[in-house]
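Below are some notes for a colleague who is meeting this structure for the first time. They are meant to be read beside the sequence and the model, one point at a time.

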Amino acid sequence: MKEILFLKAVVIGFFLAVPIGPVNLLCIRRTLLGGRIIGFISGLGAAVADTFFAFAAAFGLSFITNFYVQEEKWLQFGGGIFICVLGVMSMLSHEFGKPEKKNGGRGRGGFQAFISSFFLTLTNPITILAFAAAFAGFGLINPDEGHASAFLVVTGVFLGSIIWWFTISSIASFLRKKLNSHVLHRITQISGLVITVFGVLILLGVI
């Protein structure tokens with residue numbers, strides 16, 4: 001029974017990370033420019049944020065859910081501005097795809113990739129509502145089963161999310177090796193444009 005509960009949580013964590021949006025595009029872009037490690041670290045930031053949402057939903061921390069519902073507009077506004085800034089910076093960037101360094105994503109670049117994805121994911125109020133709905137739909141929330149089951153669900157969500165980010169960064173890394181630097185540069189510029197469009201759409205939705 002515990003195994004089924006855990007597998008359901010893994011599936012939820014995986015599929016809630018899949019929808020293509022700004023964070024996925026950032027992960028792909030960073031992988032194309034800096035390699036698999038920096039791309040995966042970027043996804044790891046989103047996975048930790050997803051796990052925070054899953055924790056709040058699994059343990060019934062209604063004050064967190066209420067905060068996101070009440071401050072939805074401001075969170076979306078801040079997230080939209082942040083996305084626009086990241087998108088414009090990506091379009092104006094003159095970086096070309098470079099060979100991966102031995103230190104991979106360690107250091108300041110890896111920290112910035114992690115933090116930006118983490119906070120970008122946290123500004124999306126829809127995510128915590130999606131986890132609450134998914135847990136209810138799959139029957140994962142049962143107060144009678146105690147905290148052990150809740151921790152198992154949260155762990156499963158984290159693993160499922162990690163599997164997605166490893167998969168997408170690996171695919172992008174494979175493509176990186178097949179494309180020349182000029183093509184990589186154009187792709188990253190286009191991804192910057194798409195990211196900016198996402199940000200503008202979010203801001204228009206708030207307005």
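1. A place to begin is Thr-51, which touches Val-154 and Phe-158 when residues up to four places away in sequence are not counted. Please keep in mind, here and throughout, that this is a predicted model. Thr-51 lies in helix 3, which covers residues 36-58. Is Thr-51 buried or exposed? Its relative accessibility is 15%, and it counts as buried because that value falls under the 20% cut-off.

2. Turning to the chain as a whole, the protein has nine helices and zero strands, and the pattern read along the sequence is accordingly α-α-α-α-α-α-α-α-α. Of the contacts in the protein chain with a separation of 6 or more, 91% are accounted for by residues 24 or more positions apart. The chain has 207 residues, of which 44% count as buried, and its accessible surface comes to about 11,000 Å², with 73% of that surface belonging to carbon and sulfur atoms.

3. Helix 2 deserves a careful look, since its 13 residues reach 18 Å from the first C-alpha to the last, close to the 18 Å expected at 1.5 Å a residue. How many of the residues of helix 2 are buried? The helix is mostly covered, with eleven of its 13 residues buried, and among them are Pro-22, Leu-25 and Leu-26, together with Arg-29 and Arg-30. After helix 2 comes Gly-35, whose phi is positive, near 105°.

4. Within helix 2, which spans residues 22-34, one finds Asn-24. Asn-24 has a relative accessibility of 4%, and therefore counts as buried. Which residues does Asn-24 contact, once its neighbours within four places in sequence are left aside? They are Ala-17, Val-18 and Pro-19, along with Trp-164 and Trp-165.

5. Which of the elements gives the largest share of the patch? That share, three residues, comes from helix 8, and Phe-174 lies in helix 8.

6. Helix 9, finally, runs over residues 181-206 and has 26 residues, reaching 38 Å from its first C-alpha to its last, close to the 38 Å expected at 1.5 Å a residue. The buried residues of helix 9 include Leu-184, His-185, Thr-188 and Gln-189, as well as Ser-191, Gly-192 and Ile-195.

Conventions
Residues are numbered from 1 along each chain as its sequence is written. This is a predicted model: local features need pLDDT of at least 70, side-chain atom pairs count only at pLDDT 80 or more; totals for chains, interfaces and linings use all residues. Side-chain values use heavy atoms; hydrogens and water are left out. Helices (H or I, at least four residues) and strands (E, at least two) are DSSP runs, numbered from the N terminus. The expected span of a helix is 1.5 Å times one less than its number of residues. Buried means under 20% relative accessible area, exposed over 50%, partly exposed in between (1.4 Å probe, protein chains only). Contact means heavy atoms within 4.5 Å. Accessible areas come from the Shrake-Rupley method with a 1.4 Å probe; for residues, only the protein chains shown count as cover.
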